[in-house]
Amino acid sequence: MTMPMMRPPRKNPVLRTRQMNLPPGARGRVALGLTAAAAEGRFELQTCEDCGTVQYPPREVCHKCLSAALRWRQQSGEGELLGGTTLHHSNDLFFRERLPWRLGLVHLDAGPTLMVHLHGEVGDAPTRVRVGARLDRAGQAVLIGFPNEGSAHMADDKMLREMTSDPKFRKALVTDGKTETGQAIVRALVKAGADIVWVGHAEPWKKMGDGLDDISALPQVTLVPLDLTNGRQVTELAGSIGGKVDIVINNAEVHRTFGIGARRGTDVAKAEMDINYFGLLRLAQEFGPALKGRSADGETGATAWVNLLSIYALSNFPPHGTFSASKAAAHSLAQCLRAEMRPAGIRVINVFPGPIDDEWNQHTPPPKLAPTALANAIVKALRDGVEDVYPGDVAQEWLERWRDNPKVLERELAAGG
């Protein structure tokens, strides 16, 4: 049984901040299929389409019939723990700082035998376990053996917490608290056990709405002025709290309807780009270095960056054409940010929701994503350690259509759906 994590002591400011050592990250191109699935929370293995063999480790051809017709298929992960051991010594810098570390050999019901990391609640062999894939601090997939029935505090396991970005006892910045979505995110973080939640709000001279008044009354919440179009304000905020933030959630956005021909001029499109793209860029330039410097700062070091994008970033939705374009630009920038943050062990999570039930989607027919559901999906992504999230039925449907044939999806959207 996992003991619940206790609140870590305050950091001694005299001690030097540790720098992140990453676990071994070298993988062949074939093995990246396992990582791609783990980035979205799935455990997949290669399956031969000719003979049906499930194989591990990944190879170019089937080890049984030598067929090259291999596809990645989701697995249940059910299997039998054959044996286990606990490492007390390692020459690798990452694992030396985290010993002892449990490993085990698991025979899957699907056929392969795997070497996995073992959760602390897994008993001695032989016993039934469930294997899942998670991303490690280097952003590569690793396999973990979980107990079939875990306790309420499973997420507090030392090894598992190393693979995730659980908000518990961490400090977060939410860039826009004036929207219903932002307020839902703040409440979800507080419920998840966040220590402090800084909530940005632009134009503080304007009268606050009831929602912002409500969340500002929460003891964990501190309101801070933050307008992502104001570079000096972003710099000042980073200088004030940048060295304390563990999780950045950038939910600030400008969303307007219409495409190109239905609106004169470029002012609205510039406003969308100024927040949705350049706002992310300003934020990353100021807060990124601070997060990278604190990624190994104890049990609650800096751990994640979350971008609220849109499923429209994958393929332009003409009724929201310029908004789609700004989110596509932000998506590309977020991929660059992910590559730059990975060497420090900071996970960049991109969230691609479908239409949210807000004022800008009033004329969009259901189903629409409730702000609370979106907030819960973000917290779940932090706890599960994934990189890409597609919350809601519409996002899931668009994703499948986009993966199947992006050109067909483009034509369907141009024709109205």
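Ser324 sits in helix α9, which spans residues 321–341. Helices here are DSSP runs of H or I with at least four residues, numbered from the N terminus. The model is predicted, so local features need pLDDT of at least 70 and side-chain atom pairs count only at pLDDT 80 or more, while totals for chains, interfaces and linings use all residues. Residues are numbered from 1 along each chain as its sequence is written, and side-chain values use heavy atoms, with hydrogens and water left out.

**Two buried residues**

Ser324 counts as buried because its relative accessibility is 1%. Buried means under 20% relative accessible area, exposed means over 50%, and partly exposed lies in between, with a 1.4 Å probe and protein chains only. The side chain of Ser324 reaches the backbone nitrogen of Phe317 at 3.3 Å. A polar contact is a pair of N or O atoms within 3.5 Å; within protein, one must be able to donate a hydrogen and the other to accept it, and residues adjacent in sequence count only if both atoms are side-chain atoms.

Leaving out residues up to four places away in sequence, Ser324 touches Tyr312, Ala313, Asn316 and Phe317. Contact means heavy atoms within 4.5 Å.

Thr35 belongs to helix α1, residues 32–38. Thr35 is buried too, with a relative accessible area of 12%. With the residues up to four places away in sequence not counted, Thr35 touches Leu135, Gly139, Gln140 and Ala141.

**Two helix pairs**

Two packed helices are described by the angle between their axes and the distance between the axes. Axes are lines fitted to C-alpha atoms, for helices over the stretch in contact, and angles run from 0 to 180 degrees between N-to-C directions.

| Helix pair | Axis distance | Angle |
|---|---|---|
| α7 (residues 267–276) and α9 | within 9 Å | roughly 25° |
| α11 (residues 393–404) and α12 (residues 406–414) | 5 Å | about 125° |

The angle makes α7 roughly parallel to α9, whereas α11 is oblique to α12. Angles under 35 degrees count as roughly parallel, over 145 as roughly antiparallel, 65 to 115 as roughly perpendicular and the rest as oblique.

Ala, Val, Leu, Ile, Met, Phe, Trp, Tyr, Cys and Pro count as nonpolar, Asp, Glu, Lys and Arg as charged, and the others, Gly among them, as polar.

In the other pair, Trp398, Arg401, Trp402 and Asp404 of α11 meet Pro406, Leu409, Glu412 and Leu413 of α12. That contact has five nonpolar, no polar and three charged residues.

Technical notes. Helix = DSSP H or I, 4+ residues; strand = E, 2+ residues; numbered from the N terminus.
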